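Here is a friendly walk through one structure, written for someone who likes to keep the model open while reading. Have a look at the sequence and the 3D view, and then follow along.

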Amino acid sequence: MVLPFTKTVNNEDETAQLAVDFAKLVNNGQVIILIGNLGAGKTFFIKKLLASFGIRNVNSPSFAIVNEYEGKIKAYHFDFYRLNKIEELYDIGWEDYLNDTEAVLLVEWGDLLREALPVKKIEISISFMDGTKRRFDFKEYE
Ligand code: ADP
Ligand code: MG
């Protein structure tokens, strides 16, 4: 996979394969944001992505705002959905998470608080199509 990259998948299995393919591009210090409506598959994609690094305990961090995992990589999994303002993010130590170059930072609903995000990031947009079909758009910003 070379970014930018677009792919339409037909079902969960194809999303899982796409996550495994994308995992080859993942490096420490990266910020990866996932954009897409409720049920698009942001958490599903992150689960499959992190499973390829031996991380199995992945769950939506909506209420906690952030989950931390460790396997072959260290990962911070954020969900901005329930954040009301940027201060809530800074209160839980957002800058420390961002500055941890040993970890990969994954952010669901990253588009809800764009001002908190660095310019350099990968954006994954997921669009609903018919049934279990989804379109994935991967873009990299430097
Ligand atoms: P989000 O985090 O974007 O709100 P979730 O990942 O929690 O969404 O949920 C996605 C739901 O859609 C899951 O129940 C999953 O099984 C289902 N689903 C159906 N087809 C797909 C697909 N092609 N890719 C990912 N998830 C799919
Ligand atoms: Mg989710």
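Ile65 is placed in the loop between α2 and β3, where helices (H or I, at least four residues) and strands (E, at least two) are DSSP runs numbered from the N terminus. This is a predicted model, in which local features need pLDDT of at least 70 and side-chain atom pairs count only at pLDDT 80 or more, while totals for chains, interfaces and linings use all residues. Residues are numbered from 1 along each chain as its sequence is written, chains are lettered from A and ligands numbered from 1 in the order in which they are written, and side-chain values use heavy atoms, with hydrogens and water left out.

Ile65 has a phi near 75°, a positive value in a residue other than glycine. Ile65 counts as buried because its relative accessibility is 13%; buried means under 20% relative accessible area, exposed over 50%, and partly exposed in between (1.4 Å probe, protein chains only). Trp109 also has a positive phi, about 60°, although it is not a glycine. Trp109 is found in the loop between β5 and β6. Why do these spots deserve a second look? Most residues other than glycine have a negative phi, and most peptide bonds are trans. The peptide bond from Leu3 to Pro4 is cis, with omega near -5°, and Pro4 lies in the segment before β1 (5-9).

### Aromatic pairs

How many aromatic pairs does a search of the whole structure find? The search finds 12. Rings of Phe, Tyr and Trp (its six-membered ring) pair if their centres lie within 6.5 Å; planes under 30 degrees apart count as stacked, over 60 as edge-to-face and the rest as tilted.

Phe80 and Trp94 form an edge-to-face pair, 5.5 Å centre to centre with 65° between the planes. Phe80 lies in the loop between β4 (74-79) and α3 (86-91) and Trp94 in helix α4 (residues 94-99), so this pair ties together parts that are 14 residues apart in sequence. Phe80 counts as buried at 1% relative accessibility, and Trp94 is buried with a relative accessible area of 0%.

Tyr81 and Trp109 form a tilted pair, 4.8 Å centre to centre with 40° between the planes. Tyr81 lies in the loop between β4 and α3 and Trp109 in the loop between β5 (103-108) and β6 (121-128), so the pair ties together parts that are 28 residues apart in sequence. Is Tyr81 buried or partly exposed? Tyr81 counts as partly exposed at 37% relative accessibility, whereas Trp109 counts as buried at 10%.

Ring pairs also link Phe5, Phe22, Phe45, Phe136 and Phe138 into a cluster. Leu18 lies in helix α1 and is buried, with a relative accessible area of 2%.

### Around ligand 1

Ligand 1 is surrounded by 15 residues, and the closest are Glu12, Thr15, Lys42, Phe44 and Thr132; a residue belongs here if one of its heavy atoms lies within 4 Å of the ligand. The table lists polar contacts, which are pairs of N or O atoms within 3.5 Å; within protein, one must be able to donate a hydrogen and the other to accept it, and residues adjacent in sequence count only if both atoms are side-chain atoms.

| Residue and its N or O atom | Atom of ligand 1 | Distance |
|---|---|---|
| Asn11, backbone | nitrogen | 3.2 Å |
| Thr15, side chain | nitrogen | 2.7 Å |
| Ala40, backbone | oxygen | 3.3 Å |

The protein covers 76% of the 570 Å² of accessible area that ligand 1 has on its own, by the Shrake-Rupley method with a 1.4 Å probe. Helices α1 (12-23) and α2 (42-51) each supply at least two residues of the shell, and the largest share, 3 residues, comes from α2.
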